[in-house]
Amino acid sequence: MSCRQASLLFLCFLGLVTTFHLWFINSGHFNLAPDEAHYWVWSKRLDWSYYSKGPMVAYLIALSTRLGGDTEFFIRLPAVLLSAGTALLTFLLAVRLCHSTIAGLEAVLLLAAMPLYEAGSILMTIDAPLVFFWSLTLLLIHRALTANGNVWWLFAGISLGLGLLSKYTMAVVVPQTFLYLALSRDHRFWMWRSGPYLALGVGLLLFSPVIYWNATHGLVSFRHLLEQLGGGKDTVLPLKSLGEFIVSQVGVVTPVLFVVLMIGLWEVGWTGLTRRGDDASLFLFCASVPLLLACVITGLWTKVQANWAAPAFIAMAIAAAKWRSCAPIQGYSALRWTRSRALFAGALLTGFLFSAIGHFPHALASVGLPLPRKLDLTRRLRGWADLGTQVSTVYQEMSRNRSTFVFSDRYQIASEAMFYVPAHPPTFNIQLGRRMNQFDVWGGTEEVRGWDAVFVTDRSDLPEAVLRSFDIVKPERPTYHLKVDHVRDLNSWSIFRCYGFRGFPPAQQLGY
């Protein structure tokens with residue numbers, strides 16, 4: 001395959017995948033995920049930062065919905081566009097590092113075959129902008145290494161700052177860059193030049209509004225981050241937690257593809273650290289291992305979420321493509337070369353198959369092989385619109401006579417209800433002894449004293465605190481079931497009519 005053919009195939013593949021993603025988010029197959037709905041709620045109250053994350057996800061959703069309206073399509077449109085941009089950046093970075101458009105195409109194919117990446121291509125969470133700006137920063141840094149002056153370092157700093165506004169994981173780019181500079185014979189001189197420090201300064205300058213917001217809000221983001229990294233009271237069994245993290249990485253990537261990525265990572269690590277002159281391998285090694293190592297170490301004392309290592313897969317996909325492109329040159333036998341091709345093909349086949357099942361889980365049920373409930377991760381993306389219809393009916397009836405708000409004991413339900421009730425009513429999250437969230441930062445319940453309310457919960461019992469908060473509480477629908485098929489319940493909720501709000505009683509907050 002020629003370089004021109006590989007470039008054309010990449011453009012055709014990117015166009016087809018992006019078109020599919022646009023069709024899919026417009027098809028209504030899945031409702032908003034709870035986090036997507038919560039970030040949409042953020043976008044209605046723009047600020048310098050938020051309780052647990054920076055403001056980028058809220059800004060992007062706000063921009064998109066201002067242009068097209070508060071719909072699932074326009075909430076998710078930025079994720080589709082960012083994923084297309086990430087694919088383009090991965091291709092360009094792979095071409096620079098591997099000097100091969102074929103390697104660029106293979107890196108993008110490996111990335112697209114990952115179920116984790118595919119989910120990030122249609123769900124508008126903080127990972128979509130994070131991975132985009134991570135990829136952009138890597139490309140700009142590599143360009144800056146071979147350029148005269150500091151212009152590319154300036155651009156890299158801007159990208160770093162925007163990434164920090166997306167998710168704090170972006171901070172790992174800083175130590176991994178200086179690790180690369182310290183190990184690289186060709187580019188170590190940059191440690192004594194102003195370029196990298198300019199990038200760091202610009203990144204921190206763009207991040208400074210988040211620091212200011214936290215300084216005026218009791219440092220809640222940093223307290224939350226500290227607890228997420230194990231600073232809370234929860235303890236785990238180190239080997240069990242570490243094992244769960246490794247299994248989760250195999251799951252979100254698929255087993256065969258995970259093996260290919262690890263082979264690629266091993267190859268660039270070996271060649272980058274032992275062979276002088278293979279600076280590209282060293283760059284890829286330093287662009288992936290520090291984040292993976294941070295997740296592994298953190299997993300020794302706290303639970304590590306499966307998506308925390310997502311940015312590292314960019315460099316790992318390129319490393320796998322580099323291993324593939326260099327294999328015949330390095331004297332591989334015909335048998336070993338054939339095996340590597342078969343492994344690569346198997347990784348793509350199984351990856352795309354798992355992603356297809358994730359998009360269309362009912363396809364298995366149609367042939368008599370329904371997914372077990374625990375394996376059907378899309379169950380959290382169904383039923384919310386139906387819940388919104390039920391809550392809206394009650395809300396409309398009550399709001400005719402008196403001002404009415406909606407509340408829940410979980411921020412996920414509160415956010416989904418606020419979005420799927422067409423009136424988008426004032427919505428709150430009662431504190432019943434849980435971790436802090438953005439609803440607590442906003443407060444505002446004092447302003448609705450005397451109002452009526454609709455309480456939505458997935459609990460089987462009515463909390464005593466809710467009874468004490470109102471003059472009268474009546475069950476509207478003791479149990480509302482949404483069935484995924486004729487046998488299994490997908491979700492169930494209870495809805496209550498509450499009259500005469502007195503104010504929520506104080507409750508102990510269980511951490512940040």
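Okay, let's start at Asp-409, which sits in the loop between strand 1 (404-408) and helix 20 (411-420); helices (H or I, at least four residues) and strands (E, at least two) are DSSP runs, numbered from the N terminus. Quick caveat: this is a predicted model, where local features need pLDDT of at least 70, side-chain atom pairs count only at pLDDT 80 or more, and totals for chains, interfaces and linings use all residues. Residues are numbered from 1 along each chain as its sequence is written, and side-chain values use heavy atoms, with hydrogens and water left out.

So, is Asp-409 buried or exposed? Asp-409 is buried, at 9% relative accessible area (buried is under 20%, with a 1.4 Å probe, protein chains only). Leaving aside residues up to four places away in sequence, Asp-409 touches Asn-429, Ile-430, Leu-432, Arg-434, Phe-455, Val-456, Thr-457 and Arg-459, a contact being heavy atoms within 4.5 Å.

Now over to helix 7, residues 127-145. Of its 19 residues, 17 are buried, so helix 7 is largely enclosed by the rest of the structure.

By cavity I mean a set of points on a 1 Å grid over the protein atoms alone where a 1.4 Å probe fits but cannot get out; lining residues have an atom within 4 Å of a point. Of the 13 lining residues, the closest to the centre are Ile-141, Leu-160, Thr-177, Pro-196 and Ala-199.

The second largest cavity has 13 lining residues too, and its largest share, five residues, comes from helix 1.

Key:
Buried means under 20% relative accessible area, exposed over 50%, partly exposed in between (1.4 Å probe, protein chains only). The expected span of a helix is 1.5 Å times one less than its number of residues. On a 1 Å grid over the protein atoms alone, a cavity is a set of points where a 1.4 Å probe fits but cannot get out, and a pocket is an open set with protein on both sides within 12 Å along at least five of seven lines; lining residues have an atom within 4 Å of a point.
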